[in-house]
Amino acid sequence: MDNLDYNKVFAIKTKQIAISIIKEFSKLPYNEAFSVIRKQIYRSSTSMAANYRAMCRARSKAERFSKLSIVIEETDETLFWLEMLEELNYVQNEILLDLKIKTEEVLKTTSSYRKMLKN
């Protein structure tokens, strides 16, 4: 798979994670504590996807590195909120497990990619 295919696959993957989070969590009833977490995870997951897309269109290596760093930060934050939801038992474990696996994969892959860019 060349770099363009890789970028397209991960742009789709990050967007699908954000969409899944929005779809799954918008079904759940209002709860003040959960509402705060829901807003945070919506922001971090959509930012992960948007910044990955921006990274794919970077005009320089420095801009690519910077956007990728934001992707990693937002992906890690998304994973944090998924872990919080798991520990608070707000969402079914099956839903969280799938989202956590996909988010961890993005985090590991983008972190490795950033290390490669740094060298």
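I began with the pair of lysine 100 and glutamate 86, whose side chains meet in a salt bridge with 2.8 Å from N to O; I take the term to mean a side-chain nitrogen of Lys or Arg within 4 Å of a carboxyl oxygen of Asp or Glu. Lysine 100 lies in helix α4 and glutamate 86 in helix α3, so the bridge ties together parts that are 14 residues apart in sequence; helices here are DSSP runs of H or I with at least four residues, strands are runs of E with at least two, and both are numbered from the N terminus.

Before going on I noted that this is a predicted model, in which local features need pLDDT of at least 70 and side-chain atom pairs count only at pLDDT 80 or more, while totals for chains, interfaces and linings use all residues. Residues are numbered from 1 along each chain as its sequence is written, and side-chain values use heavy atoms, with hydrogens and water left out.

Salt bridges

I next looked up the accessibility of the two partners, using the cut-offs of under 20% relative accessible area for buried, over 50% for exposed and partly exposed in between, with a 1.4 Å probe and protein chains only. Lysine 100 counts as buried at 14%, whereas glutamate 86 counts as partly exposed at 29%.

Aromatic pairs

I then turned to the rings, where Phe, Tyr and Trp (its six-membered ring) pair if their centres lie within 6.5 Å, and planes under 30 degrees apart count as stacked, over 60 as edge-to-face and the rest as tilted. The structure holds six such pairs. Tyrosine 6 and tyrosine 113 have ring centres 5.7 Å apart and planes at 65°, so I logged the pair as edge-to-face. This pair links distant parts of the chain, since tyrosine 6 is in helix α1 and tyrosine 113 in helix α4, 107 residues apart. Tyrosine 6 is buried at 18% relative accessible area, as is tyrosine 113 at 9%.

Phenylalanine 10 and tyrosine 52 form a tilted pair, 6.3 Å centre to centre and with 40° between the planes. Phenylalanine 10 lies in helix α1 and tyrosine 52 in helix α2, so the pair ties together parts that are 42 residues apart in sequence. Phenylalanine 10 is buried at 6%, and tyrosine 52 is buried at 0%. Ring pairs link Tyr6, Phe10, Tyr52 and Tyr113 into a cluster.

Which residues does tyrosine 52 contact beyond its neighbours within four places in sequence? Taking contact as heavy atoms within 4.5 Å, I listed Tyr6, Asn7, Phe10, Ala11, Thr14, Val71 and Thr110.

I checked the length of α2, which has 25 residues and reaches 37 Å from its first C-alpha to its last, close to the 36 Å expected at 1.5 Å a residue; the expected span is 1.5 Å times one less than the number of residues. At the start of α2, a side-chain oxygen of asparagine 31 reaches to within 2.8 Å of the backbone nitrogen of alanine 33.

My last entry concerns asparagine 89, found in the loop between α3 and α4. Its phi is near 55°, a positive value in a residue other than glycine; most residues other than glycine have a negative phi. Asparagine 89 counts as exposed at 60% relative accessibility.

Key: Polar contact = N/O pair within 3.5 Å; in protein donor to acceptor, adjacent residues only side chain to side chain.
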